[in-house]
Amino acid sequence: MFSVGIFNGYYPYSLEESIARIKKDGFSCVQLDLTFKGMDLSPEVLTKEKCRQIRNAFREANLPIVAISGYTNIIHPDKKKREQNLFSLKTILKFACELGSPYVVSETGTYNTDSDWVWDEKNGTEEAYEETAEIIEDLAKFAYDHGSVFLVENYVNNVIGSVERLTRLFGDINHPGLGLLMDPTNYFTDNNIGRVDQEINRIFDTLGPRIKLAHAKDCKPAEDTSEKHADIDATEAHSFRGAGAVELPAPGLGILNYDLYLQRLYKLHPNIPIIIEHLDETDILRAKRFLDGKLKEVGC
């Protein structure tokens, strides 16, 4: 049976109030964002004591932390910014177990100079793949040395965005410090958004055993193809709603075949946590009701 969670970043409050609201809304786990009001959790000042304070607060609330957000552009074209991004991500990987979970998640990023979410022609090149894979291998080894695991979350506008690129990545880097965050909506473009079921099956047939954690949002063809963000008090990773031909709304507001997604996920990982995202605070209860209903229908 799946446990249903949410990012605490959708609750823009203090540590204590965020936990209270997440519990009140009926969630049984969280993906941890280091973004609590009144706490400086920037990588330069993050300590074991702060990490244990957060971990213990969630433990006392019986609300397990199942993964930690480390979202950043790991191949940012500005080398100084890239260095800062990697320092931040490695700091979280170093402290992950102190925060309650070995799993740290990030997308791979883009060479686009204006946005972390928009395609750049260089992303599709062999040079881009090789440079990104080298960085990911270093992150996997660093994670393993600190008892953690780096989870890649693909996105179609990033260097690692397709089934083919992920398959190659895991073939090239067969390392215990590397895993996959499963979110089927991140694979869709204008070329395959009309073949949702076929793509879901292809994803699971090819990548299923690599999955460590799952996300729940939705996808649909976009009327507005510009980069889209919701007006919410959250990080850019949580306000993002898609760029290009596919929009990425909250679960239940698109065309993803949730029955098929959950069935394929359950067959391989029957006790995996699934984390709701791409919403605002006013939509949380509706999204949870939708996902809970689907889980009951499917039997997981």
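This briefing describes strands, aromatic rings and selected residues in one protein structure.

The model is predicted: local features need pLDDT of at least 70, side-chain atom pairs count only at pLDDT 80 or more, and totals for chains, interfaces and linings use all residues. Residues are numbered from 1 along each chain as its sequence is written, and side-chain values use heavy atoms, with hydrogens and water left out. Helices (H or I, at least four residues) and strands (E, at least two) are DSSP runs, numbered from the N terminus.

- Strands β2 and β3 run parallel and are joined by three bridges; two strands count as paired if DSSP finds at least two bridges between them.
- Within this pairing, valine 30 has isoleucine 65 in β3 as its bridge partner.
- Strand β3 also pairs with β4 in the parallel sense, over two bridges, and here serine 69 stands opposite valine 105 in β4.
- A right-handed β-α-β unit is made by β2, α2 and β3. A crossover is right-handed if, with the strands pointing away from the viewer, the path from the first strand over the helix to the second runs clockwise.
- A right-handed β-α-β unit is also made by β3, helix α3 (residues 79–99) and β4.
- Strand β3 is mostly covered, with five of its five residues buried. Buried means under 20% relative accessible area, exposed over 50%, and partly exposed in between (1.4 Å probe, protein chains only).

**Strands β6, β7 and β12**

- Strand β6 (residues 178–182) pairs with β7 in the parallel sense over three bridges, and methionine 182 stands opposite alanine 214 in β7.
- Strands β7 and β12 (residues 273–276) run parallel and are joined by three bridges; in β12, isoleucine 274 is the bridge partner of alanine 214.
- Strand β6, helix α6 (residues 196–207) and β7 form a right-handed β-α-β unit.
- Five of the six residues of strand β7 (residues 211–216) are buried, so this strand is largely enclosed by the rest of the structure.

**Aromatic rings**

- A pair of aromatic rings is described by the distance of the centres and the angle of the planes.
- A search of the whole structure finds 10 aromatic pairs. Rings of Phe, Tyr and Trp (its six-membered ring) pair if their centres lie within 6.5 Å; planes under 30 degrees apart count as stacked, over 60 as edge-to-face and the rest as tilted.
- One of these pairs, tryptophan 117 with tyrosine 155, is edge-to-face, at 6.5 Å centre to centre and 70 degrees between the planes.
- This pair links distant parts of the chain, 38 residues apart: tryptophan 117 is in the loop between β4 (103–106) and α4 (126–145), and tyrosine 155 is in the loop between β5 (149–152) and α5 (163–172).
- Tryptophan 117 also forms a stacked pair with phenylalanine 240, at 4.5 Å centre to centre and 15 degrees between the planes.
- That pair again links distant parts of the chain, 123 residues apart, with phenylalanine 240 in strand β10 (residues 240–242).
- Tryptophan 117 and tyrosine 155 are both buried, and phenylalanine 240 is buried as well.
- Elsewhere, ring pairs link Phe204, Tyr258, Tyr261 and Phe290 into a cluster.

**Charges over rings, and lysine 288**

- Arginine 21 lies over the face of tyrosine 13, at 4.0 Å from the ring centre. A charge sits over a ring if NZ of Lys or CZ of Arg is within 6 Å of the ring centre and within 35 degrees of the ring normal.
- Lysine 288 lies in helix α9, and its charged end sits over the ring of phenylalanine 27, 5.6 Å from the centre.
- Lysine 288 is buried, with a relative accessible area of 11%.
- Not counting residues up to four places away in sequence, lysine 288 touches Val4, Asp25, Gly26, Phe27 and Ile276; contact means heavy atoms within 4.5 Å.

**Cysteine 29**

- Cysteine 29 is placed in strand β2 (residues 29–32) and is buried, with a relative accessible area of 1%.
- Leaving aside neighbours within four places in sequence, the contacts of cysteine 29 include Leu63, Pro64 and Val66.

**Positive phi angles**

- Most residues other than glycine have a negative phi.
- Asparagine 62, although not a glycine, has a positive phi of about 55 degrees; asparagine 62 is found in the loop between α2 (48–60) and β3 (65–69).
- Histidine 278 has a positive phi near 60 degrees and lies in the loop between β12 and α9 (284–298).
- Histidine 278 is buried, with a relative accessible area of 5%.
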